[in-house]
Amino acid sequence: MQLQTTYPNNNYPIIVEHNAFEELSEYIQDYDKVFLIIDEYVDFNFKTKFMPLLESTHIYKIIVPAGEKMKSFEHYQQTLEHLLEYNLTRNTCLVAIGGGATGDFTGFLASSLLRGVDFIQVPTTILAHDSSVGGKVGINSIHGKNLIGAFYRPKAVIYDLNFLATLPYDEILSGYAEVYKHALLTGQVAVDDIEKHFSTKEKLQSLNDIDQFIFKGIKAKLNVIIKDEKEHNMRKYLNLGHTFGHAVEYKTKIPHGHAVMIGIIYQFIVANILLDTQFDISYYANYLKKLHYPVQIVQQLNFNDMYHYMLTDKKNNGEGIQMVLLEELGKPRVCHVEKTILIKAFDDLQLVLK
């Protein structure tokens, strides 16, 4: 399966299939130097997969820590200085091989190295099906997640589904949140379909038919970002569940998708209060529990911490907290939310996720 972005210029292919990694060599053959920036876990599990490429004298491998801890100023500076030791030209390409954090980090490196070199995304998790497409790259600040970054398009996204075979269930859960989010943004039929396929932990863990939902998720995201690349308007819809989710993630350090799923429940509650919607909160809460998301973690949170982190969200304006809310499935909008409503919703969240 292959998609192509449809910007006025600088488009890139998105290849989603088993054995897609074999196509990487075609995209890197004309560079002076190529650096494979590989997540340590991916390198451990797939070391032999990279060996043929490393036989070329212009291709190098750099192993980086896995997960969000890598997206720091310290790691950014260390890796940047290490790359500069190679006497680079702008005809250099960085290849991000790993999860979403590896892609974010490598893309930001590429955007700033020599004022910009090419990079290619090779996502290896379900979660990264979302972050690898769209050109948002960056690192974290002590003030919040993804507050330092750029819009910087990759030259290609090569999504080899074979990488998913080694994912632990925790990683599957984290990635599924973004796939499920895309279904919520699409509409009732899409939600019914994905919930039917993955109704229990056992069904989700099997990953049967996950490729079709990943492909649908990427298509749904492309339909948005082609119209609003720089997040002036409708691209903000892709942050469904992220305003509160990022706060939970930053405070508790649980995986991104786990926090986003909690954020999705929170936005349902806020929508019921603010927009007078009639979402069945218990239904969605029970669905998360059936899939074994760690929803009880909300009992450890306090509102003031969450509010502090929500205030750093990039969607906010002078009026305060802005959230993406669903008026109905498939119909998102960005709303200003008063603090009193956020407090009430937080109390309700703790009750429903006991």
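## Overall architecture

The protein contains 14 helices and 11 strands; helices (H or I, at least four residues) and strands (E, at least two) are DSSP runs, numbered from the N terminus. The radius of gyration is 20 Å, close to the 20 Å that the globule rule gives for 354 residues, so the protein is as compact as a globular protein of that length. Here the radius is taken over C-alpha atoms, and the globule rule is 2.2 Å times the number of residues to the power 0.38. The C-alpha trace spans about 60 × 40 × 40 Å along the principal axes.

This is a predicted model, in which local features need pLDDT of at least 70, side-chain atom pairs count only at pLDDT 80 or more, and totals for chains, interfaces and linings use all residues. Residues are numbered from 1 along each chain as its sequence is written, and side-chain values use heavy atoms, with hydrogens and water left out.

## Burial, surface and charge

Of the 354 residues, 57% count as buried, a term that means under 20% relative accessible area, with exposed meaning over 50% and partly exposed in between (1.4 Å probe, protein chains only). The accessible surface comes to about 15,000 Å², and 49% of this belongs to carbon and sulfur atoms. Such areas come from the Shrake-Rupley method with a 1.4 Å probe; for residues, only the protein chains shown count as cover.

Among contacts with a separation of 6 or more, 74% involve residues 24 or more positions apart; contact means heavy atoms within 4.5 Å.

Helix 6 covers residues 169–186, and its 18 residues should span 26 Å at 1.5 Å a residue; the end C-alpha atoms are 25 Å apart, which agrees. The expected span is 1.5 Å times one less than the number of residues. Since 15 of the 18 residues are buried, helix 6 is largely enclosed by the rest of the structure. Gly187 follows helix 6 and has a positive phi, near 145°.

Just after helix 11, Asp276 adopts a positive phi of about 60°.

## Loop residues with positive phi

Asn19 lies in the loop between strand 2 (13–17) and helix 1 (24–28). Its phi is near 70°, a positive value in a residue other than glycine, and its relative accessible area of 39% makes Asn19 partly exposed.

His292 is placed in the loop between helix 12 (281–290) and helix 13 (303–310). Phi of His292, a residue other than glycine, is likewise positive, near 75°. His292 counts as partly exposed, at 48% relative accessibility.

Phe163 occupies the loop between strand 9 (157–160) and helix 6, and is buried at 1% relative accessibility. Leaving aside neighbours within four places in sequence, its contacts include Phe21, Val42, Phe46, Phe50 and Ile97. Phe21 is 142 residues from Phe163 in sequence, yet the two are 9.4 Å apart in space, C-alpha to C-alpha.

Ser141 belongs to strand 7 (residues 136–141) and is buried, with a relative accessible area of 14%. Not counting residues up to four places away in sequence, Ser141 touches Leu147, Ile148 and Tyr250. The C-alpha atoms of Ser141 and Ser72 are separated by 7.1 Å, while the two residues are 69 residues apart along the chain.
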